[in-house]
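Dear colleague,

I am passing on the structure below for your files. My notes on a sheet and on some helix packing follow it.

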Amino acid sequence: MVFLVLGLILATVAVQVYRRVGDFVSAANWVTHSLTVRQEITDTLAKLHDAEASQRAYLISKSPERLADYSAVLPQIGDHASQLIDLVSDNARQSDRARELSALIHARLQRMAETLQIFERSGLDVARNSEQMSRSRSEDMQIDALGRNMLRLEDELLTTREKQTSEQAMLTRVLTVGAIVCCMAMLVFALFLVLREQRYRRASMEAARSANLDLSQSLEEAQRLSHALRQLSELGEMLQGCRNISEAVNGIEVSMPRLLPGYSGSIGLINASQNLVEMITYWGSPPTDESALFGPDDCWALRRGHAYPLAGSIPAFTCRHLEPVLAERPEIGHLCVPMVAQGEMLGILTLTCEHAITSEQRTNIVAATEQISMALANLKLQETLRTQSLRDPLTGLFNRRYLEASLEREVQRAERRGLPLSVLMIDIDYFKRFNDSHGHEAGDALLAQFGALLGRIVRSEDVSCRYGGEEFTVLMPETDIAQGVARAEEICAAVRQLTVQHRNQALDPITVSIGVACHGAHGRTPDELLRNADNALYFAKNSGRDRVKVGETLHAHTPTKERKRSSPAPIPDQY
């Protein structure tokens, strides 16, 4: 009867553990689903902004490549919008928003197509003043607002689902501990029955001693397992809360010695060129120079795609990056575990210790490596998305979207505190002719090197952006018109000294034309400042290029809506 009851209890516990694990897996799948939905929303909006950027670049430069970029990205927008609708079909609120977003994007694409038709028929000025162009900003704001709402709702769902996942994990742990306690109690009771049935004292004492020894070992193993699970859980929660790789590295340096006491280790990441493994952190004994920087082929774990050496085997080969350590102390235990996440090889976790690595320790090491790999992969993805949303990929400067937000903020700050604010509008002279002479690859090299030069010249508090094509904008807080002109002259002088290198050849020297506008004298709103800086830029080009011009002063008694924008003379096509 006792063993029957024990079997029933164990069967019940096993069923409950199986159900809880299933619930935990289901909750984890929903968390993954929410992350996928967020990614799809971000991709949809990013593709729309790419299409808008390509269209604006085409309107400015009339470059066929920009038009081709615009045409190529259009099908992707529709695919992402359709995929988003499919993903959120299980959520009525998100499904309605996804369809509304798809309709708005379709309308926005239709407006963009109409703008292109107007541009092809009547030219840039007519296209700029068309109703389609004037409605584009409000439509963009509506699409972005709807996208943010969808992201906010999905973040709420993600928070709820992560909470459910944590609750299911806690229930599973509690149930596991309860099962261990229950089994231990049953074992003690069974031991009591066996001891009572023994006829001889010595046999009874030996049986009791053996049972106590087994019990102590089981308890120690259970405690070690519980401690390892708790440390792994804390490591995973800590890594999920990190905002960047530096925070994650600091947390790993603290957590790994606690999880694996007595071990020395390091983590190396594969660089972007996939030709070097660079160490980002270590704990315990400092690594050698060979372990701090080596090629992926120097590690057998990276070659084979799984932990090396294999469990219970004597390795036939030694990783080159560990050869100096193993040559001095061949008896130490060592293990290399590849860091893989989302099908991508990220790097390697290397461990050494004074003893052989047990199977239990090996399991903990592999589990910790998986936690670290997923966290680093997510952080790299987050950093990539943040950079793509704020930076122009070619020049490394801020994009136009960031410019508009920053200009609005700086104008309000200037109004509130009475501080000056200058805006520089910069255009590379004869850029089209440069492209036609040297090719678009050389043009891209010119834009990239000019962006790097501009980033070095401006102050840390200035905001340098790529406005579109070969046009750049610099916001200079707390800078009056005289200082702004002086800084613009410095930029012109630096550009004259710039030597553009492409394929190990120095290209033709370049110059820039700059228009300067100051808050107050040349406008009080972001649109007025940009418009006056743009006018000044056109005057600089018409005056012979390679110079700085100041925007037209607006009289205080003339209302803004009555001010008439200057109409600069036409500029030749190859400007």
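**The sheet and its helices**

In this predicted model, an open sheet is built from 5 strands, ordered E7-E8-E6-E11-E12, with mixed pairing. The edges are taken by strand E7 (463-468) and strand E12 (548-550); each has a single partner strand, so one side of each is left without a neighbour in the sheet. From one strand to the next, the twist averages 20°.

Within the sheet, strand E6 (residues 421-428) and strand E11 (residues 512-518) run antiparallel and are joined by 7 bridges. In this pair, Ile426 stands opposite Ile514 in E11. Helix H15 (residues 481-496) packs on the sheet, where it touches E6, strand E8 (471-477), E11 and E12. The direction of H15 makes about 170° with that of E11.

A helix pair is the other item. Two packed helices are described by the angle between their axes and the distance between the axes. For helix H12 (residues 400-417) and helix H16 (residues 526-542), the axes come within 9 Å and cross at roughly 110°. Angles of 65 to 115 degrees count as roughly perpendicular, and H12 is therefore roughly perpendicular to H16.

Which residues make the contact? H12 contributes Leu407, Glu408 and Val411, and H16 contributes Pro526, Leu529 and Leu530. By class, the contact of H12 with H16 has 5 nonpolar residues, 1 charged residue and no polar ones.

Regards

How values were computed: Residues numbered from 1 in each chain as written. Predicted model: local features only at pLDDT ≥ 70, side-chain atom pairs only at ≥ 80, totals over all residues. Heavy atoms only, no water. Pairing = 2+ DSSP bridges. Helix = DSSP H or I, 4+ residues; strand = E, 2+ residues; numbered from the N terminus. Axes fitted to C-alpha atoms, helices over the stretch in contact; angles between N-to-C directions. Contact = heavy atoms within 4.5 Å. Parallel < 35°, antiparallel > 145°, perpendicular 65-115°, else oblique. Nonpolar A, V, L, I, M, F, W, Y, C, P; charged D, E, K, R; others polar.
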